[in-house]
Amino acid sequence: MPDTTVANRLERAVPDGAEALFAARREDGVVDLGGGRFSPGNTAVALIALHTAHAHDAGDGPGVDEQNGVRENAVKRLLSTQRPDGGWAMEGVPTEKFTTAVVAAALTLTATAGAGPAVAAARALVRRHGGVEDLPEPAMAGLVRQFDSLAGELDPATLPRLPMALLLLPGLARRALSLRLPIFSAMALGQSAQRPRGGLGGRIDAAVRPRALRIVRQAFVRERGAGSFSGDPWLTSLISIGISRSELAPDISRATVRWLTDTALPGGGWDLMPLDITWASFTGAALLEAGYGDDPRLEPIRDLFHRRQQDIPFPALACPEGHWGFSTDRSWPMALETAEISSLLHRLPGGADDTHVRRGLAWLTSMQDRSGSWSLAVRDSRPGGFGPCPQMTAKCVLALLDCGAATDDARVTKGLRTLGRTQRDDGAWEAMWYRGLIPGTSAALVTYARAGCGSGEPASRARDFLLRTQLADGSWSTGGHDPGAATADVLDGEGSVEETAWALHALLVSGEAPDSAHITSAAHWLMGRQDRDGTWPCAAVHEYVRHCYRYTDRLMATALAVKALARLRTTAGPGATTGMEMGTP
């Protein structure tokens, strides 16, 4: 290998990665590297939704033949993508027990007898790994049982009833369910129709039913009656199942069937949800770090953020306008995207006067939990699920600081205090949307450093955790226990681009010397993984359903790598070397 320095390699790696991101930017500002995103989990639940709608007449009418063709193609796609171990997961993701159980239920419900061997192999895999009851998320175990009852594998009478009476207390329901509130409402409506109760229970259900339907309809109307919910096949299918079973809103059922039919892949099945806003956010942050703030090629990304900021509230969640979701201008609210985009827009030219930034910050301020943390979408959400998240809290505090808040601002000090209270004994923090401990710990460390607290105890413990968990080859993996791993408690030690980039960037921001052994080994490892087209490979670090359903994303891996290496290039200074040569450290 050539005798050259890390700094020289950075001068190639960062621009090559940046240009790969620019090349993936469409005229509308969405940044998409393309590639297949077929989701067995989404395909399975969409199949269940279409079958259920047809069984309750919501799928009848024009397009029935088309719907049947879509279902047949989806079944074929699932059967053709079953793995040798009997399971399923998205490409690049280890086999998942949850996804496999959902697919088994869908095939049992919708496929011909020829699917019997595939279903048997899938159910055997689920049993080998502890059964559905052993899933890390109890709510997902309950969902699988619901699907199995629809497929005739379980007696519906044995399933616990969804406590629909919770909707009589709207505030409590919002805090307990968060974004699951419309799904819960739809499923509870279906349950009450198919398992009617007598006596007092029946009278309570009758009183609550209009409330539940109103929640679903508000979400439906909010998205202009297009038939999708947050543009997501998974969410749309779950709501469709409940509403179709209730037979109370045939217009909503028909619209969801139409949307699912229209969005099916030509080769069968459905993709993961689109991430237009998230992709653009990761890309923008990387390009700003790399010094492209004045590049006119960033303007379509800024325009995308302006167009897709939410201009109406989400009444069911008591959520005001001004937020961003992960895809459209009607996506369900996400505190993480709102924080990252507010910060990004403010750092672009003219950002200090951008009204979209002010609206985003107002939304973040209104959604801060009383404890000082931030939850995903509902203020003061119950811990767990979509409740308070350390990484999200760190990102929201960072956005406030980036946009001009003082370090003694009450929002900032409350956020930092709650971060300190939630730090683990080992110095790490968790993150809602990502596996393991590296992303949450890295985000918190960056925020403490930005707030001028980089030498305090929480930051020091976080830094020590990152340094301690770096692998021998310079990379990072989960940083410890991984409840989402299907076959082991701890991954086999293989590092990922994403976790390495998060850790490298955080250590640099917190003051780790650019010529330290930790930094140079991480940089060597990261640059050694860059592909010829300027992008980086991705790993299964992203959580769609926490600990149960993961995905990979090459664009986000590339953006994180560019951001981390650009920070190293800036920290090392023009022409500086890190004291390490290009060979294996």
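**Close-up views of a predicted model**

**View 1. Ser80, an exposed residue in helix α3.** With a relative accessibility of 57%, Ser80 counts as exposed, because the cut-off for that class is over 50%. In this predicted model, Ser80 belongs to helix α3, which covers residues 64-80. The side chain of Ser80 comes to 2.9 Å from the backbone oxygen of Arg77. Lys414 stands 334 residues from Ser80 along the chain, and the C-alpha atoms of Ser80 and Lys414 are 52 Å apart.

**View 2. Ser178, a buried residue in the loop between α7 and α8.** The loop that holds Ser178 runs between α7 (170-177) and α8 (181-194). Ser178 has a relative accessible area of 2% and is therefore buried, a class that takes in values under 20%. When neighbours within four places in sequence are left aside, the residues in contact with Ser178 are Ala173, Leu317, Ala377, Val378, Ser381 and Phe386.

**View 3. Ser477, a buried residue in the loop between α19 and α20.** This serine is placed in the loop that links α19 (457-469) with α20 (497-509), and Ser477 is buried, its relative accessible area being 5%. A polar atom of the Ser477 side chain lies 3.3 Å from the backbone oxygen of Glu494.

**View 4. The packing of helix α2 against helix α10.** Helix α2 (residues 40-55) packs with helix α10 (residues 233-246) at an angle of about 25°, and the two axes are 8 Å apart. Because angles under 35 degrees count as roughly parallel, α2 is described as roughly parallel to α10. The crossing of this pair, α2 and α10, is left-handed. On the α2 side the contact involves Gly41, Asn42, Val45, Ala46, Ile48, Ala49, Thr52 and Ala53, and these meet Pro233, Trp234, Ser237, Leu238, Ser240, Ile241, Ser244 and Arg245 of α10. Sorted by class, the residues of the contact of α2 with α10 are 9 nonpolar, 6 polar and 1 charged.

**View 5. The packing of helix α1 against helix α22.** Between helix α1 (residues 6-23) and helix α22 (residues 554-572) the packing angle is about 145°, with the axes 9 Å apart. The crossing in which α1 passes α22 is left-handed. From α1 the contact takes in Val6, Leu10, Glu11, Ala13, Val14, Pro15, Gly17, Ala18 and Leu21, and from α22 it takes in Leu555, Thr558, Ala559, Val562, Leu565, Ala566, Leu568 and Arg569. The residues of the contact of α1 with α22 comprise 13 nonpolar, 2 polar and 2 charged.

**View 6. The packing of helix α16 against helix α17.** Helix α16 (residues 390-402) and helix α17 (residues 410-422) cross at roughly 155°, and their axes come within 10 Å. Because angles over 145 degrees count as roughly antiparallel, α16 and α17 are roughly antiparallel to each other. Their crossing, that of α16 and α17, is left-handed. Pro390, Thr393, Ala394, Val397, Leu400 and Leu401 of α16 make the contact together with Arg411, Val412, Gly415, Leu416, Thr418, Leu419 and Thr422 of α17. The contact of α16 with α17 contains 8 nonpolar, 4 polar and 1 charged residues.

Terms used
Residues numbered from 1 in each chain as written. Predicted model: local features only at pLDDT ≥ 70, side-chain atom pairs only at ≥ 80, totals over all residues. Heavy atoms only, no water. Helix = DSSP H or I, 4+ residues; strand = E, 2+ residues; numbered from the N terminus. Buried < 20%, exposed > 50% of the residue type's maximum accessible area, 1.4 Å probe, protein only. Polar contact = N/O pair within 3.5 Å; in protein donor to acceptor, adjacent residues only side chain to side chain. Contact = heavy atoms within 4.5 Å. Axes fitted to C-alpha atoms, helices over the stretch in contact; angles between N-to-C directions. Parallel < 35°, antiparallel > 145°, perpendicular 65-115°, else oblique. Left-handed = near helix turned anticlockwise from the far one by under 90°. Nonpolar A, V, L, I, M, F, W, Y, C, P; charged D, E, K, R; others polar.
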